[in-house]
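Subject: Structure handover and notes

Hello,

Here is the structure you asked for.

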Amino acid sequence: MNAAEIKNLSKNFGPKQAVCGLNMTVPMGAIYGFIGENGSGKSTTEKMICGLIPTGGGSIKLYGKDYTDETVRAKMGVLIEAPGCFPGLTVWDNMMLQAENLSIPNAKREVIKVLKTVRMEGAAGNKYKNCSLGMKQRVGIAMALLGDPTLLVLDEPLNGLDADGMRIMREVFTDVVKDGKRSIIVSSHLLGELQKVATHYGIIRHGKMIVEMTAEELDASCRTYVALQAADMGRAKRCLGLKYSRVEEDEAGYIRVYDLTTPEDVVTHLYQNGICVTEIKTDKIGLEEYYIDLMKGGR
Amino acid sequence: MESKIVFEKNPFSKRMKSMLRVDFRRMFKSLLLYILIASALLMPVLMTVMMAMMDGSVSVDPQTGAETVMQGPENTWQNLGTLPGGEAMGGGEVFMMCNINMMFMAVAVLICLFISDDFRSGYAKNLFTVRAKKGDYVISKTLCGFVAGAIMLIAYFVGSVLGGAIAGLSFDLHGLNAGNLFMCMLAKIFLMLVFVSIFVLISVAAKQKAWLALCGSLGGGMLLFMTVSMITPLGSTFIHVVLCAAGGALFALGLGAVSKVVLNRSSLV
């Protein structure tokens with residue numbers, strides 16, 4: 001059984017087609033990285049999964065049941081766009097309201113537990129409107145974690161978090177799915193961070209799913225490259241360009257020679273042409289570059 | 001690793017209990033409710049005393065020279081309705097419609113802001129994700145509005161009695177009795193359900209647009225406003241109460257169902 005199974009999902013806003021025949025499968029126990037450009041239909045899809053906007057066609061099944069089934073929906077946690085909190089109430093009061101909405105027994109204990117999880121127990125008495133952006137985001141995640149949800153839908157949960165906040169979130173995500181029953185759908189533009197935790201990926205463009213893959217499949221399809229710095233960078237690049245099909249200079253000032261796993265050939269070639277290599281390493285492109293490459297039509 | 005997950009059904013009573021607890025707690029923590037109750041209490045006191053002070057004073061139109069003699073209230077119960085052979089407070093041009101029936105419109109402010117706040121803050125997103133049944137939300141909001149409206153009506157009644165006492169007005173019921181007064185208040189309270197159902201429907205349709213909800217509710221309420229004094233006169237009997245209760249229940253059920261459809265068919269964010 002999959003945590004979420006979406007078939008042929010579509011949604012129009014007037015003449016604009018936001019989601020168009022989208023298919024998506026989120027296995028149980030997965031951290032599903034949902035990636036796409038701005039306006040590609042990620043948030044719309046997530047809102048439809050959460051039942052916040054009516055679908056325009058297709059089916060959404062959560063844990064084998066229709067997404068409108070109240071028993072499944074009661075076990076969902078959500079953070080879409082911004083945490084749904086009343087600015088004039090304290091963090092604690094906001095959390096208690098959601099705990100009561102979920103009819104959680106021992107609500108106080110549960111609220112303390114989730115606030116501790118996101119390291120916000122010290123700020124429970126703060127008014128929500130006085131919290132920083134990062135704190136608000138943590139409150140939103142804490143709220144989504146209330147009631148031990150089986151499916152978390154998080155839209156840009158890492159926005160506004162500091163380095164420590166991101167580390168905590170990574171720990172929270174892996175902790176949530178560790179028993180293999182719970183799943184997380186998380187969309188983020190911070191692809192580097194996403195790559196550290198995601199077990200599955202779905203890339204959406206113009207409302208259509210263009211690629212769905214596991215982290216292992218992504219790893220296998222990511223190009224390897226040799227990155228180097230030479231005494232004369234311009235000459236080195238020209239020289240390598242004559243021999244290898246794809247040579248580029250990256251933002252960090254390294255020359256990258258793609259689809260190579262060992263640097264010996266490159267070093268030998270440059271040495272024979274009288275160019276001295278000062279630094280060299282082999283690496284793989286990350287999710288971010290894979291994604292950019294995909295969007296450019298490189299794959 | 002794959003293991004079975006048990007999804008438990010949340011019975012209606014449990015769902016409603018938790019939702020009502022949340023909504024009532026929020027409502028009673030809201031400053032707006034207390035402002036409205038305080039206004040409902042103070043307004044009749046100030047108005048009665050002020051109009052009683054103005055009784056008999058003459059105002060002259062500077063252009064035409066026409067003289068107008070101001071008429072103050074003679075009886076405390078004029079704040080609630082028309083006594084046999086008299087007229088209700090606000091029957092004249094000054095302070096027009098300034099009687100207890102104003103509370104039917106005042107409650108619109110509370111309901112519109114209460115509901116639009118849910119959508120504006122994003123609370124509705126959290127709520128509707130975990131609660132698939134939109135009917136629960138409509139019932140809860142209608143009951144909250146109804147209770148708030150009833151409190152405001154009672155506050156206005158108390159304010160009227162206080163105002164009458166301070167201004168030294170008569171408490172004579174002109175042939176009516178305390179039972180009629182009680183039935184009149186009860187009928188008004190039940191009639192509040194009709195107005196609340198309309199305001200809830202307009203508010204859930206307008207969602208985060210509080211201004212639209214307010215304009216729509218005040219406009220919609222105005223259409224029925226003039227009938228309130230006819231349906232709930234001071235000389236109300238048990239029949240009036242039954243009629244208002246039946247009307248309230250009918251509107252709450254009918255418009256509640258429409259509100260539910262609106263929530264089911266429209267975007268909640």
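Why does Pro83(A) count as buried? Pro83(A) has 27 C-beta neighbours inside 10 Å, and a residue is buried if it has 20 or more, so Pro83(A) falls in the buried class. Please keep in mind that this is a predicted model.

Pro83(A) in its surroundings

Pro83(A) sits in the loop between E6 and H3 of chain A. Leaving aside neighbours within four places in sequence, its contacts in chain A are Lys136(A), Val139(A), Gly140(A) and Met143(A). Pro83(A) is also in contact with a residue of chain B, namely Gly122(B). Thr44(A) lies 39 residues away from Pro83(A) along the chain, and 17 Å separate their C-alpha atoms.

Where the chains meet

The contact between the two chains involves 36 residues from chain A and 30 residues from chain B. On the chain A side, the elements that give two or more residues are helix H2 (70-73), strand E6 (76-79) and helix H3 (91-101). Sorted by class, this side of chain A has 20 nonpolar, 10 polar and 6 charged residues.

Chain A as a whole

Chain A contains 11 helices and 14 strands. Its C-alpha trace spans about 75 × 45 × 35 Å along the principal axes. Chain A has 299 residues, of which 45% count as buried. If you take the contacts in chain A between residues at least 6 apart in sequence, 71% of them join residues at least 24 apart.

A sheet in chain A

One open sheet of chain A has 4 strands in the order E2-E1-E4-E5, with antiparallel pairing. Its edge strands are E2 (16-27) and E5 (65-66) of chain A, each of which pairs on one side only. Inside the sheet, strand E1 (residues 2-13) and strand E4 (residues 57-62) of chain A run antiparallel and are joined by 5 bridges. As an example to look up, Glu5(A) has Lys61(A) in E4(A) as its bridge partner. Helix H1 (residues 42-49) of chain A packs on this sheet and touches E1, E2 and E4 of chain A. The direction of helix H1 of chain A makes about 120° with that of E1(A).

Two domains in chain A

Chain A is divided into domain 1 (2-219) and domain 2 (222-295). The centres of domain 1 and domain 2 of chain A, taken over C-alpha atoms, are 39 Å apart. How many residues of each domain are in contact with the other? Domain 1 of chain A gives 10 residues and domain 2 of chain A gives 8. On the domain 1 side, helix H7 (191-197) and helix H8 (215-221) of chain A are the elements that give two or more residues. H7(A) has the largest share of that side, with 4 residues. By class, the domain 1 side divides into 6 nonpolar, 2 polar and 2 charged residues.

Chain B

Chain B has 8 helices and 2 strands. Read along the sequence, they follow the pattern α-α-β-β-α-α-α-α-α-α. The C-alpha trace of chain B spans about 90 × 45 × 30 Å along its principal axes. Of its 269 residues, 45% count as buried. For contacts in chain B with a separation of 6 or more, residues 24 or more positions apart account for 80%.

Regards

Methods
Residues are numbered from 1 along each chain as its sequence is written. Chains are lettered from A and ligands numbered from 1 in the order in which they are written. This is a predicted model: local features need pLDDT of at least 70, side-chain atom pairs count only at pLDDT 80 or more; totals for chains, interfaces and linings use all residues. A residue is buried if 20 or more other C-beta atoms lie within 10 Å of its own, exposed if 12 or fewer, and partly exposed in between; C-beta atoms are placed from the backbone. Two residues are in contact if their C-beta atoms, placed from the backbone, lie within 7 Å. Ala, Val, Leu, Ile, Met, Phe, Trp, Tyr, Cys and Pro count as nonpolar, Asp, Glu, Lys and Arg as charged, and the others, Gly among them, as polar. Domain bounds come from an automatic or database domain assignment. Two strands pair if DSSP finds at least two bridges between them. Axes are lines fitted to C-alpha atoms, for helices over the stretch in contact, and angles run from 0 to 180 degrees between N-to-C directions.
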